[in-house]
Every structure is written in C-alpha cells, then in structure tokens.
Amino acid sequence: MPALPDLSLITTPGRPVFHTAAGPLCGTQLLSHAWALAERLPERPIINLHTNLVQFTLVFLAAMMKGQYCLLSSNHAVSQLMALQQAHGALCTGPSLPESLASLTLPPLAELTSSRQDNIQLPAGHEAAHVFTSGSTGQAKVHKKRWGELVARSHAALPLLAPSRPDGTTLLGTVPPYHMYGFETLILQSLHTPTATASGPCFFPGDVEKLLDSTPSPHTLITTPIHLRSLTTARARLPGLERIISASAPLPRELALEAEERFHAPVMEIYGATETGSIASRRTVSPDPWQLYDGLTLTADPTDDQTHICMAPHATPHPLNDVITMQGDRHFHLVDRKGDLLKIAGKRTSYGALNKALLQTDGLLDGCFAPLFSEEDLKEDQPEPTRLQAFIVAGTEVTTTAIMRALRQHVDPVFMPRRLVRLSRLPRNPVGKLTRQALEGLIRDHAEKRAHPPFSIPASHPALPGHFPGNPTVPGITLLERIFTLLELDVRTISTVKFLSVVRPGDPMQLLSSALGNGQIRFTLHHLSGPLKGTVILRGQAGSQP
Amino acid sequence: MTTVSASHDQTPLERELAAHLTEAVQLDMDPLDIDPEMPLFGEGLGLDSIDVLEIALMVNTQYGIKLESHDDDNRKIFHSLRSLAHHISTHRPG
C-alpha cells in the first residue's frame, strides 16, 4: 500500500482553508474554533445537516476530535432523521430543525474560542463519516468512510480540481456538503490539500457571480447539470473561471458545450458513487473515455463478467454500479447501469442506453425513459414493462414529431416510447440524481387510465332494427361512436380502424386505450366474456387534432 | 371556521406573475386560482428548492431582476405570490 500523505486534521494549517465574506479563515483558526466546539459536544455521533461550509466543517472536525463520526444523509425527511438518531444514538445539528429532533444549536464563531489549536493526526482507519447513498440504485445504504481513504482521495483528485495552481485555486460549489460529492470537493479537498473553498451563498446564478467576484482567482466551480443550465440560461458572468466540474447525472453534451463557450472553461464530468467516492473524470464534449484517478485500479470480478471492482488506497474494495469496458488500465467507457437492463419482446437494452440516445436529441434539455404502466398494472407487485414512455424537458420549439424522428434513428421499434410526457424538469435531487423513488413517483403520477368500464349495446339500440335481419350484429359505426364517447375525444381524424370480430347485441365489451402524446389515442376493444373472451373486436387510432 | 373566497384579488402584476410562475414550474393549476397570500413553499403550493432556481430564472428573464441568497430576505421574497410581486415592483429597472 502506498505511503499516506499527512493524516493530520488540516494539512499545513497556516494557510487559508476558507474564503468567507469576513475574509480568509486559516486552518489554525478553524482548529481553535473546532476545539472549543468539541468541548461542548457530547460523546455521540452527529447528524451534520449544515449547509454553511464553515459550520459544517467545524462540526465535522469537532466530532473527530472527540473520536466520533458524522452521519451524512441527503434525505432530510424528519422520519428518516429520527430513525438515524435512534439507530446511532446521534444528535442533529443544522439550520432550522424541527423541535421533535434532539438537536444542538451552534454558537456564533466569536463565542467559540479555545487556546487549543493542536492539529492531531488521526489513524488511517478512523471512521470519519457514515454516508448514506442517495437511493438512485435502490434503498439508501450506509457507507463508512475512513480517514485514510478520504485523505488519499483528496490528493488523487487535486490535479482535476486545481489544474494550474494547486496552492492558489479557490473552489466554489452549488452542491450541499452533506452529500458525498459536495463533501469530497468542498470540504475535504481544502482540509487535505493546499486549495481553499469559498464559503457563502452559492445557489442562484447571482450568488455564484458574487462569490466568484469576492474570492481569489483562479476558480473551479463544482456544480450539477441543473445548476449549470440555470447559469447558462441566466447568462451568468463568471470571469476567471478555470474549470467547471459537474456531477454526471448525466450531463447532456449540448449543455456542456454551451457552458464551455459561455464561461471559457472546460467542463469536466466526475464519475463516482457514494460507495466508491469520485474515481474518474472526463471532458464531456470530447469523445475520450473516462480517466481513472491516479492510485486507483479497476479489476474485473473473476466471478461475474459484468462487474468491475474499484480498489483504492485504504478503502474497502467496492463493485461499480455500472457495466464498463476498460480501455487499457487507466481508461474506461460506461456501458450501462446495472439493474437497469430491460427486455421487451425478447430484445434487450438498458435504460442507460435509451437515455443516452434520448439526450442526444437536438434541443432536449433533460429526459429519461421509463416503463409505461396503467393504473391496473401498478396494482401488481412488480409489473413487467411491456411498453415505454419518455419524460422530456424541452422548449416548445422542439416538437414531439422531431424528437420521435431523431429517436427512431437510434432506438429499436420495440423500445420506442409510446408517448412523450413534457415536464418543466425531472424531479432530480440537489446533486442532479434521479432517485428510484422519484422516478417511481413520476411513473405513478403519469399512469395511464386505460381500462374503461365494460359496456354492451342492447338489441333495443336505435341503430339495430333493420340491420342484418335474422343475424343481429352491432354496426361498426355504433361501436366507434360509443368508443369516442368513452374516450371523451372530439375526433377530427381517424387514422386507422381494423374490425376483427363480430359483436352481437348484449355482448359485454371493454375498451383499452393509450394516449400517444401527440393528441392521438390508440384503442382496442375486446370481448369481455363468452367463448370469444379476450378476442379483439377492433383496434385503431384517432386524434382530436387534424 | 371561515370560508375562503374562490376568486382571489390578484393585482394586474400578480396576475401576470402567476401566469409566468405556473409556466416556469409547470404547476397544474389555473394561475387565477393562486391565492396571492398563500405560501409558495412547504404546505402552500409545495414547491421545492430546485423550483426556486426556476422561478429566479423566470424573474430574471421576464423582469430583469437578479435574485441572490441573502437568507432572510429571500425567505420573505419567495414567501408568496404577493411578496414576490412586491419585490419585483420595487426592484424593476427603469
């Protein structure tokens, strides 16, 4: 195992670690404040919910001074925090917490003074933080982060975050410190390496401009696709920006290109997960593969050809959540997210591959594929997807037809979305991930109401007498009239209708329909009972627009 | 118990802003139904922090006003349709 760099709380503490509105904050000052806070802390783990970077760091340092650890969770639902509190005997601290939580209010910095400033060395195996996964790949799970692993990783990421001047770069970011991505880039980086972090509001484009303006150049901006889009749309002025780092959520290439042109800085995407931390990067606009951080290795799992294991100094080896193909030892291409594989009509693909095709569409700002379920389907335990839909975010100038046409060039017909659902944005979390829970919510909210109440046409229907004497049959036009009433559709065009089976007066029938998203509805009428049960009577497509 | 009137007294600016707002965050409701005093976040309209970003962008493009995070002010500005309209009318350039 390679020798570890300095394992003390703050590397070379005489330098600024944070730039704040009140000026630079040196490592020695931080240590003094943290020791004062440590004296007030109980011997318990701390759920650290601070968004102010200095406050977050003081709590983190003070917990370690007490030999304790911080719990970091992106899920701030009170029930989740209560459960964590109970499971760990932990105390919460953060801005405006509900009274039901056992919490600690942080005194103002001026009251936190101690004569102690010693910069203790922690054992490499010290559990510094328990970080919870965001849940984009399933249930939230805890990952224990040890000090040695965190220190080593900060050094591995330094060339990416501070390419030209490691000892003079200011990091600033729109991501919260309690998420692994923000924790690594905005907190640990400046504790372990000579970089400094700008601490101050950094959410709106105006905030980013101001924070950039009031802190020393060069700057590296740590952000997510959502924030990056808001910065380009607002035409933020970000002079002196050397580099933009974005979470891979994924980041659309078109957005990366626009950001590079507007801000005159390369946009680098970071690959990683809560389990592994960040491990690789790539320039989004370039076709080059992902480049692994120095000191890390990816090894194929000998028992499973779909899995690669990430090995890093002082870290527990972890399998990647994605299927990758290696290109040499240091580079790889992402193929698919595991557990993401999809099989329809005997053909296989993955949501990852479909989403990639979707995001290549001109003018599309965001989007994702999802199974298209009816309310009936969702009553089942684990419904099998047989048809897909896509949720999209795009300006009105991008038509549904244009998106479908572009998709058809890359997507097999069985995987083509049956409809496109336009949204103002996808419900991504603050670091841009679409959690499984959020996606399931979307699918539920947009479930099709497609099974209509059963009906029959009685022999007394005015259209029947005189039709087919001795062989009473319900005329097709009568069926269509009833179908359009059920669909509540003001029909302008009937694209196709195929009559496949005869209906007698009194035969119970059921209509199934699905909206195609362009004003068109596809429908099928079935026999509901008798020897023909389930047989299709007719199928067709009609629209309310010409 | 008091009864709430269905027609809300939106000023012309509030009416215009309500239309921009429902479009910016794609709220599935008639802009005229937004009670100008109702909280936009939490228990009111239930918007979240990313919606704030969308609304700030809309305010910037439509009214030329740049919003920033001065913690206390922001909570006041984004409290309701009325507070946001007030901020716009007092900060509109020209």
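Trainee: How do you know how far apart domain 2 of chain A and domain 3 of chain A lie?

Mentor: Their C-alpha centres are 27 Å apart. The bounds come from an automatic or database domain assignment. Chain A is divided into domain 1 (16-337), domain 2 (346-445) and domain 3 (476-543). This is a predicted model: local features need pLDDT of at least 70, side-chain atom pairs count only at pLDDT 80 or more, and totals for chains, interfaces and linings use all residues. Residues are numbered from 1 along each chain as its sequence is written, with chains lettered from A and ligands numbered from 1 in the order in which they are written.

Trainee: What makes the crossing of helix 1 of chain A and helix 2 of chain A right-handed?

Mentor: A crossing is right-handed if the near helix is turned clockwise from the far one by less than a right angle, and left-handed if anticlockwise. Here the axes of helix 1 (residues 27-40) and helix 2 (residues 53-65) of chain A cross at roughly 60 degrees and come within 8 Å. Axes are lines fitted to C-alpha atoms, for helices over the stretch in contact, with angles from 0 to 180 degrees between N-to-C directions. The crossing is right-handed.

Trainee: Which residues of helix 1 of chain A meet helix 2 of chain A?

Mentor: Among them are Leu30(A), His33(A) and Trp35(A). They meet residues including Thr57(A), Leu61(A) and Met65(A). Contact means C-beta atoms, placed from the backbone, within 7 Å.

Trainee: Why is helix 7 of chain A called largely enclosed?

Mentor: Seven of its nine residues are buried, so helix 7 of chain A is largely enclosed by the rest of the structure. Buried means 20 or more other C-beta atoms within 10 Å of the residue's own; exposed means 12 or fewer, partly exposed in between, with C-beta atoms placed from the backbone. The buried residues include Pro225(A), His227(A) and Arg229(A). Just after helix 7 of chain A, Arg235(A) takes a positive phi of about 50 degrees.

Trainee: How many residues does each chain give to the contact?

Mentor: Chain A gives 14 residues and chain B gives 14 residues. Helix 6 (205-213) and helix 7 (225-233) of chain A each give two or more to chain A's side. Helices are DSSP runs of H or I, at least four residues; strands are E, at least two; both are numbered from the N terminus.

Note on methods:
Two residues are in contact if their C-beta atoms, placed from the backbone, lie within 7 Å.
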